[in-house]
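Subject: Structure handover

Hi,

My notes follow below it.

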Amino acid sequence: MTHWLDAFVPVFGLLALGALLRRRLLREDAIWAGIEKLVFWVLLPSLIVTALSTMRLAELPVGGLAGSIWGALLAGTALSLLLARAFGAAHPATTSILQGGIRFNNLMGFAIAGAIWGAPGIALCAICTGLIVPMVQTITTLVFALGGEGRVRPGRLAKQVLLNPLIIACALGFALSVLGGLPPGLQPAVRALGQASVALGLLCVGAALTLKGLGDRPLVQAATAVLKLAVVPLMTLALARLLGLDPLPTAIAVLLMALPTAATSYVMARAMGGDAPLMAAITTCEHAVSILTLPVWVWLLSRY
């Protein structure tokens, strides 16, 4: 029972604290924008590098993880687009439903996996992040582009994926693993930066959540939440079992795919012509519902 409290109370408590700080103490948008950049460009990559640099690549089930995650993401993409069509959504709303259906809040994943499964769980989270991010980035960018100009620029798409700091961190972490890890002196500094990523990141997510708009298209919000928090992880579990993944990699893959959508989905929707109000509502809805669904998933996975 204690490890459950250690896993979920800090996660949802930090989300609530972030929301409180945003409304009572740190009200300036520039403050949170700066912290978000620090987490995205420095702190979270440091956590990924630290976790991967200590792993033995030959022992990692990368193939099985990739098959489970990519298969579920492709199926989730198809279901998101079908869902948008069923609701008669215009293209901007379609992109928001898609982001709500396949993007994930990896900071919550690192926090929960670390509390439940320790260092091996964090390392596998880093690997899964390296598999999820480029796929999701490619899919969402393609869908946004096809509804706008109607054509995709491969060079620009490749640049967006390859220059993502999380992808760079995964590549660096794998390289350091082959070379024997981070050198003495540097390792404690990078590890300290990584440890700060989860708390600060979750505060930022909480600050970005808003109750405004939850009454806007509630059926769309509910259906997207069911898809993201129940259907997509269930498909991931089925694929993992089909591919013969061991229990721990299966648990981490399903956990990450069961997370609510990323808070930065709103930023992407606003910047690329999506339905930003709907995206904000879906993000808040999924985080609220995940208070119930994530403990259920972790309970099921711990018994697997």
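R56 is exposed, because its relative accessibility is 61% and the cut-off for exposed is over 50%. The residue is found in the loop between α2 and α3. Along the sequence, R56 and V178 are 122 residues apart. In space their C-alpha atoms are 7.8 Å apart.

Please keep in mind that this is a predicted model. The mean pLDDT of the protein is 89. A value of 70 or more is reached by 95% of the residues. Confidence is highest in helix α9 (residues 218-242), at a mean of 97. Confidence is lowest in helix α6 (residues 154-162), where the mean is 72. Where pLDDT is low, the predicted coordinates should not be read in detail.

Next, the helix pairs. Two packed helices are described by the angle between their axes and the distance between the axes.

α2 with α8

Helix α2 covers residues 29-53, and helix α8 covers residues 186-208. Their axes come within 7 Å. They cross at roughly 140°. The two helices are therefore oblique to each other. The crossing of α2 and α8 is left-handed. On the α2 side, the contact is made by W32, I35, E36, V39, V42, L43, L44, S46, L47 and T50. On the α8 side, V190, R191, L193, G194, A196, S197, V198, L200, G201, L203, C204 and A207 take part. Sorted by class, the α2 contact with α8 has 15 nonpolar, five polar and two charged residues.

α3 with α4

The axes of α3 and α4 come within 9 Å. Their crossing angle is roughly 145°. The hand of the α3 and α4 crossing is right-handed. From α3, the contact draws on L73, G76, T77, S80, L81, L83 and A84. From α4, it draws on T94, I97, L98, G101 and I102. Seven nonpolar and five polar residues make up the contact of α3 with α4, with no charged residues.

α4 with α12

Helix α4 (residues 91-102) also meets helix α12 (residues 276-302). Their axes come within 9 Å and cross at roughly 20°. Angles under 35 degrees count as roughly parallel, so α4 and α12 are roughly parallel to each other. This crossing of α4 and α12 is right-handed. In α4, the residues involved are A93, S96, I97, Q99 and G100. They meet L278, M279, I282 and E286 in α12. By class, the α4 contact with α12 has five nonpolar, three polar and one charged residues.

Single residues

Is L294 buried or exposed? L294 is buried, because its relative accessible area is 0% and buried means under 20%. This residue lies in helix α12. Leaving aside neighbours within four places in sequence, L294 is in contact with F8, F12, M108, I112, L255, A258, L259 and P260. The C-alpha atoms of L294 and R27 are separated by 30 Å. Those two residues are 267 residues apart along the chain.

L163 is found in the loop between α6 and α7. L163 is partly exposed, with a relative accessible area of 47%. Not counting residues up to four places away in sequence, L163 touches W41 and I168. L163 and L15 are 148 residues apart along the chain, and their C-alpha atoms are separated by 28 Å.

A175 has its place in helix α7 (residues 165-179). A175 is partly exposed, at a relative accessible area of 36%. A175 and M135 are 40 residues apart along the chain. Their C-alpha atoms are separated by 21 Å.

Which backbone angle is positive in R217? Phi is, at near 50°, in a residue other than glycine. R217 lies in the loop between α8 and α9. At 33% relative accessibility, R217 counts as partly exposed.

Best wishes

Note on methods. Residues are numbered from 1 along each chain as its sequence is written. This is a predicted model: local features need pLDDT of at least 70, side-chain atom pairs count only at pLDDT 80 or more; totals for chains, interfaces and linings use all residues. Side-chain values use heavy atoms; hydrogens and water are left out. Axes are lines fitted to C-alpha atoms, for helices over the stretch in contact, and angles run from 0 to 180 degrees between N-to-C directions. Helices (H or I, at least four residues) and strands (E, at least two) are DSSP runs, numbered from the N terminus. Angles under 35 degrees count as roughly parallel, over 145 as roughly antiparallel, 65 to 115 as roughly perpendicular and the rest as oblique. A crossing is left-handed if the near helix is turned anticlockwise from the far one by less than a right angle, and right-handed if clockwise. Contact means heavy atoms within 4.5 Å. Ala, Val, Leu, Ile, Met, Phe, Trp, Tyr, Cys and Pro count as nonpolar, Asp, Glu, Lys and Arg as charged, and the others, Gly among them, as polar. pLDDT is the predictor's confidence in each residue, from 0 to 100. Buried means under 20% relative accessible area, exposed over 50%, partly exposed in between (1.4 Å probe, protein chains only).
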